[in-house]
Amino acid sequence: MSAPGKGILFRLVERARRRSAWLFHFNAGACNGCDIELITCLTPRYDVEQLGIKLEGSPRQADVLCVSGPVTRATREALETIYGQIPYPKVVVAIGSCPATCNVFAGSPMIEGPLDRIIPVDVYIPGCPPRPHQIIQGIAQAIERLAEYRATPAGGER
Amino acid sequence: MNAWRALFALLVFPGLLYALPMGWFMLGAGRKLTARFQGRIGPPLSQPFYDVVKLLAKQPVARVPAEKWLLTSLPLLAVGAVLGALALLPVFSSETGFVGDLVLLVGLLELPPLCMILAGYASRSIYGEVGATREAALSIASNVPYLAALVAMAAAAGSLHLSQIAVATPWMVRLPALLTILLCLPVKLRTNPFSLSNAEQEILAGPLTEFDGRQLALWELAHGLEWVALTGFVATLAVPLRSSHLFFDFLGFVLISLVLVLLLNLLAAATARFKLWQATRLLWRWASLLAAVALAVAFYLRHGGY
């Protein structure tokens, strides 16, 4: 939350980041279960657009990277590229058990995950698949980290 | 139009000070209306404002200087062109304009789509190129009937003064011409069913795929201003009379613009996206037919005495 002594512009930017998070959804070899649950969040029943959240097609325009799946060999390079293409400030949300632990695929030679071996992860949403409520809660936590982001002199990293 | 008056039109009304909040309001209302039509609650009306603030606060992506220069100047040019077009709109009866202001206004309104096509190719993204190609094809298909309708109105009114065209065009010409322009309006604003160039879930963000942060914020601004300018343009062309009272002129202008926003969003929520051949065929067939009718009636009225 906003500490005392911050400028009005500063608080405006924080507020804007809280109210306008654009998601990029990356399927790193998921079974599609988590993807369906994520899309469910956009339907009239859950309607996350109320919070200013929308799915973006281009990683250049995204703030939140939502990854589902245990990161297979075939998707690793694409995942790294996509992560690099998202401008700062950005947060990564791991949707489901697969990106967190590799789930039932753990130990497979085709799997390069879990996700935090490859890119830094901010929020884990457990479940196989997680319910839309949990996904919305996880994204809300991610947005909180997004709003509290401070640029460092080194540029970029938190 | 003296210099002070031009400056007022550019910066206050119907320029920056009016058009910026109005553009945000129109974009926000569009998203809200679409959500309501789909049975959702939708984002608050202030959403486009927060989107722009957030985009401005994103860290820019490192680019080669030439590319950075190009990708920043194109949306800036688009914003400037739409602001110039807005300043030329004759909202009040006291504004007489100058000879040929119609030509200048139409030219300025055509710049943002052109910038977007260039931006799509300049970004060197496949999606950008596909989007730019679609935008170019639609732009040609819509501009032929659109310009023909404007020529018909100008010929019927016997003037290139925007204010005189708005007042003097007879209804027999105005009706088919306005219908043509209305048909071209969703094409120019890239809304459904003509949202081919920025088709999300299909070609990512179209020509704007490579744009990030500040440059994307500029495009969002240009898009909001385009809504104000194009609906305002139709509003000035549609009403044949100006009251002598400034306030009523202003009120009529704003109300017609907002009704157009409502109708366009209703159309967008009710329809799916056309394929490119369907959209161009519709424009070449029906919009051209309407424009041809307008042109024929205009020239008959003009030379009918022989």
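**View 1. An open sheet in chain A.** Five strands, in the order β2-β1-β3-β4-β5, form an open sheet in chain A, and their pairing is parallel. The model shown is predicted. Strands of a sheet pair through backbone hydrogen bonds, either parallel or antiparallel.

**View 2. The β4–β5 pairing in chain A.** Strand β4 of chain A covers residues 91–95. Strand β4(A) pairs with β5(A) in the parallel sense, over 3 bridges. Which residue is the bridge partner of A:Ala94 in β5(A)? The partner is A:Tyr124.

**View 3. A helix on the sheet.** Helix α2 of chain A, residues 33–40, packs on the sheet. Helix α2(A) touches β1 (22–27), β2, β3 (64–68) and β4 of chain A. The direction of α2(A) makes about 160° with that of β1(A).

**View 4. The helices of chain B.** Chain B has 11 helices and 0 strands. Along the sequence, the pattern reads α-α-α-α-α-α-α-α-α-α-α. Contacts between residues 24 or more positions apart make up 80% of those in chain B with a separation of 6 or more.

**View 5. Dimensions and surface of chain B.** The C-alpha trace of chain B spans about 65 × 45 × 45 Å along its principal axes. The radius of gyration of chain B is 19 Å, which agrees with the value near 19 Å for a compact globule with 306 residues. Of the 306 residues in chain B, 54% count as buried. Its accessible surface comes to about 13,300 Å², and 73% of that belongs to carbon and sulfur atoms.

Conventions. Residues numbered from 1 in each chain as written. Chains lettered and ligands numbered in written order. Predicted model: local features only at pLDDT ≥ 70, side-chain atom pairs only at ≥ 80, totals over all residues. Heavy atoms only, no water. Pairing = 2+ DSSP bridges. Helix = DSSP H or I, 4+ residues; strand = E, 2+ residues; numbered from the N terminus. Contact = heavy atoms within 4.5 Å. Axes fitted to C-alpha atoms, helices over the stretch in contact; angles between N-to-C directions. Rg over C-alpha atoms; globule rule 2.2 N^0.38 Å. Buried < 20%, exposed > 50% of the residue type's maximum accessible area, 1.4 Å probe, protein only. Areas by Shrake-Rupley, 256 points an atom, 1.4 Å probe, with all protein chains shown as cover.
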